[in-house]
Amino acid sequence: MFIFSMEGVSLTASFRSPETHTFHKTLPLPPKTTVIGMMGAALGLSIEEIHKLVEDQGFLVGVYGFNKGLMRDLWNYRKLTGKEKKYTEDDIKNRRQYSVLIREYLFDNLFIFYFGCNELGKLEHLRSAFLSPVYPLTVGNSDDLFKICEIGDIIEEKECKLNKFEYTVLPGDISLLYNNDIDFSQLPIVKTVNTPQVFLLPTKFVFQGDERRVSERQKFTFVSTPVKLKTEIDGYTINGKNVVLL
């Protein structure tokens with residue numbers, strides 16, 4: 001597998017779980033669909049075009065990252081229902097067309113994205129696009145700009161069996177298949193320790209004009225605190241970091 005990495009930072013990032021409504025809880029790391037969207041921004045492709053490209057050309061993606069904290073922001077937004085022209089003066093005065101929601105944000109983030117493909121030429125084209133992206137890269141909302149710090153060279157790596165992971169996303173549900181791989185007695189008292197979290201997330205869509213519907217969901221485990229799996233899984237060790245390409 002040919003692979004290259006892209007490291008960068010963002011001041012804020014938010015990855016809303018699709019099922020949330022008035023409380024937008026963020027995922028701990030960018031999901032696969034967010035990374036695919038970044039590929040589309042770099043190449044100048046629409047969401048439908050980049051998803052088709054990834055599926056047809058066999059691109060795989062992985063992520064490693066951490067942050068320095070989490071915050072919650074209160075949003076006051078205007079609901080668009082198609083009835084805007086029928087609002088009375090009393091409706092406008094009492095702001096009945098507005099509502100509020102709370103959104104979580106990750107603060108001061110460092111992310112390393114990994115891109116893999118069995119065909120070198122296709123991966124070189126993607127890497128060139130990230131060196132000069134068509135559109136700005138974001139991690140979550142359109143305001144969450146992602147600053148690229150380094151894009152690694154393309155290397156060829158062989159898949160191997162791994163059982164130690166941290167700050168990454170793994171396929172499937174491993175919530176009952178791990179042991180903590182950390183010495184709690186050595187942790188600073190202010191250090192937050194998170195157990196692996198499992199989410200059922202969209203991976204494929206059906207597009208009909210401007211409409212997009214989920215056609216496939218898969219379970220992913222988001223790992224923060226170092227863990228040791230009871231059973232080894234296939235992955236790659238890149239610059240000392242263990243990741244799985246999804």
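Over the ring of which phenylalanine does the charged end of arginine 212 sit? I looked this up and found phenylalanine 205, with the charged end 4.6 Å from the ring centre. I count a charge as over a ring if NZ of Lys or CZ of Arg is within 6 Å of the ring centre and within 35 degrees of the ring normal. I noted a further case, lysine 241, which lies over the face of tyrosine 64 at 5.3 Å from the ring centre.

**Basis.** I am working from a predicted model, in which local features need pLDDT of at least 70 and side-chain atom pairs count only at pLDDT 80 or more, while totals for chains, interfaces and linings use all residues. Residues are numbered from 1 along each chain as its sequence is written, and side-chain values use heavy atoms, with hydrogens and water left out.

**Overall.** I find four helices and 14 strands in the protein (DSSP runs numbered from the N terminus: helices are H or I with at least four residues, strands are E with at least two). The C-alpha atoms fill a box of roughly 65 × 50 × 35 Å along the principal axes. Of the 246 residues, 40% count as buried (under 20% relative accessible area; exposed is over 50%, partly exposed in between, with a 1.4 Å probe and protein chains only). Of the contacts between residues at least 6 apart in sequence, 78% join residues at least 24 apart; a contact is heavy atoms within 4.5 Å. The accessible surface is about 14200 Å², and carbon and sulfur atoms hold 49% of that (Shrake-Rupley method, 1.4 Å probe; for residues, only the protein chains shown count as cover).

**Rings.** I get 11 aromatic pairs in the structure. Rings of Phe, Tyr and Trp (its six-membered ring) pair if their centres lie within 6.5 Å; planes under 30 degrees apart are stacked, over 60 edge-to-face, the rest tilted. Ring pairs join Phe15, Phe111, Phe113 and Phe146 into a cluster.

**Threonine 34.** This residue lies in helix H1 (residues 32–43). Buried or exposed? Threonine 34 counts as buried because its relative accessibility is 19%. Leaving out residues up to four places away in sequence, threonine 34 touches Phe15 and Gly140. From threonine 34 to aspartate 181 I read 147 residues in sequence and 28 Å in space, C-alpha to C-alpha.

**Salt bridges.** How many salt bridges are there? The count comes to nine, taking a side-chain nitrogen of Lys or Arg within 4 Å of a carboxyl oxygen of Asp or Glu. One of them pairs glutamate 55 with lysine 204, closest N and O atoms 3.8 Å apart. That pair links distant parts of the chain, 149 residues apart: glutamate 55 is in helix H2 (residues 47–57) and lysine 204 in strand E11 (residues 197–208). Glutamate 55 is exposed at 54% relative accessible area, and lysine 204 is partly exposed at 35%.

I also read glutamate 211 with arginine 213 at 2.6 Å, N to O. Glutamate 119 bridges to lysine 122 at 3.1 Å between the closest N and O atoms. Lys25, Arg72 and Glu104 are linked in a network of salt bridges.

**Surface patch.** Phe23, Leu74, Val100 and Ile102 form a nonpolar patch with about 350 Å² of accessible area together. Patches take residues with over 30% relative accessible area and no salt bridge, joining like charges within 9 Å and nonpolar side chains (Val, Leu, Ile, Met, Phe, Trp, Tyr) within 5 Å. I placed isoleucine 102 in strand E5 (residues 98–117); isoleucine 102 is partly exposed at 36%.
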